[in-house]
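Colleague: Hi! Could you walk me through this one? I'm still new to reading structures.

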Amino acid sequence: MKIGMKDKLIEIFCNFDVGQRIRKSYVFSVIKQLNPDGKKILDAGSGVGDYIFSLAVRYQKSQFIGIELEPEKIRQCELIENRKNIRNIEFIHANLENFFRPNEFDIIYSVDVLEHIANDDKVLINFYESLKLGGILLLHVPNINQERYFRKFKNWKQNDHIRNGYGKNEIIDKLTKLGFKEIKTEFTFSWAGSLAWEIQKIFELWFSYRIGQIISFPIVVCLTFVDRHLTKTSGNGILLMTRK
């Protein structure tokens, strides 16, 4: 398994979805700081592999497990896994409310998943039980207090969300009660990132999903860069890192 120039270019230039770009930049930066090579890592809610494939190629000495509820997404991931000859990932069809492996993982990350799950407390308990002592949990969730800039998005809701998001103190309290320690938080999607998301959505509505993303790409990239380097006291997303 080897990362080639084509894969690098696709990762940099063909990921047009601004939300995904912004979340990835924050999550990958933190994971890099954790020196993940050689560790066992759980992607809790792996979807179609947006995070796990990039990480598995970068950290080839690590072992990754991707948990996903939808069988079709698992099937898609396994096809990509075989085509790219990636051998350090295992995909499992499971519900996060029921999945745990006691003291098995060094790192668990879950990106914009908890807001889709009714019994989020049970999922967090399973994360805690599944981590080794000293293991790291990395969460990204939407902030319940969303700032919007265009009137069209003032009452924006996502239909597949059980809840709109979490308050910073609310999610910290949930983690603290379970015994998690050293909770660090960072806001994501500042005014720049949130504006980039809204602009892209408008272009998608004006044109089509993909054409709108391509046309808005230069604006989105600039605003994404600004978002990543701003000092933020608020934001539409919250990134949390904590230790068992």
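Modeller: Happy to! Of the 244 residues of the protein chain, 50% count as buried. Keep in mind that this is a predicted model.

Colleague: Thanks! How many helices and strands are there in the chain?

Modeller: The protein chain has eight helices and seven strands. Its radius of gyration is 18 Å, close to the 18 Å that the globule rule gives for 244 residues, so the chain is as compact as a globular protein of that length.

Colleague: And what box do the C-alpha atoms fill?

Modeller: Roughly 50 × 40 × 30 Å, taken along the principal axes.

Colleague: Switching to pockets: what volume does the largest pocket have?

Modeller: About 1,500 Å³. Its lining is made of 49 residues, and Asp112, Glu115, His116, Gln158 and His161 are the ones nearest the centre.

Colleague: Which elements give two or more residues to that lining?

Modeller: Those are α2 (18-33), β2 (63-68), β4 (105-111), β5 (131-142) and α7 (191-206).

Colleague: How do the lining residues divide into nonpolar, polar and charged?

Modeller: There are 16 nonpolar, 18 polar and 15 charged residues in the lining of the largest pocket.

Colleague: New topic, aromatics! How many aromatic pairs does the structure hold?

Modeller: It holds 10. One of the pairs is Phe16 with Phe217: the ring centres are 5.0 Å apart and the planes are at 80 degrees, so this pair is edge-to-face.

Colleague: Why does that angle make Phe16 and Phe217 edge-to-face?

Modeller: Because planes over 60 degrees apart count as edge-to-face, and the planes here are at 80 degrees.

Colleague: Got it. Where do Phe16 and Phe217 lie in the chain?

Modeller: Phe16 is in the loop between α1 (5-13) and α2, while Phe217 is in helix α8 (residues 209-229). They are 201 residues apart, and the pair links distant parts of the chain. Both Phe16 and Phe217 are buried.

Colleague: What about Phe53 and Phe91, how are their rings arranged?

Modeller: Their ring centres are 5.7 Å apart with planes at 55 degrees, so that pair is tilted. Phe53 lies in helix α3 (residues 52-58) and Phe91 in strand β3 (residues 89-93), so the pair ties together parts 38 residues apart in sequence.

Colleague: Are Phe53 and Phe91 buried or exposed?

Modeller: Phe53 is buried, and so is Phe91. There is also a cluster, in which ring pairs link Phe28, Tyr51 and Tyr109.

Colleague: Last one: which charged residues sit over the rings of Tyr26 and Tyr128?

Modeller: The charged end of Arg228 sits over the ring of Tyr26, 4.4 Å from its centre. Over the face of Tyr128 lies Lys244, at 5.0 Å from the ring centre.

Key: Residues numbered from 1 in each chain as written. Predicted model: local features only at pLDDT ≥ 70, side-chain atom pairs only at ≥ 80, totals over all residues. Heavy atoms only, no water. 1 Å grid on protein atoms, 1.4 Å probe; cavity = no way out; pocket = protein on both sides within 12 Å on 5 of 7 lines; lining within 4 Å. Points joined across faces, edges and corners; volume = space filled by probe spheres on them. Helix = DSSP H or I, 4+ residues; strand = E, 2+ residues; numbered from the N terminus. Nonpolar A, V, L, I, M, F, W, Y, C, P; charged D, E, K, R; others polar. Phe/Tyr/Trp six-rings, centres within 6.5 Å; stacked < 30°, edge-to-face > 60°. Buried < 20%, exposed > 50% of the residue type's maximum accessible area, 1.4 Å probe, protein only. Lys NZ or Arg CZ within 6 Å of the ring centre and 35° of its normal. Rg over C-alpha atoms; globule rule 2.2 N^0.38 Å.
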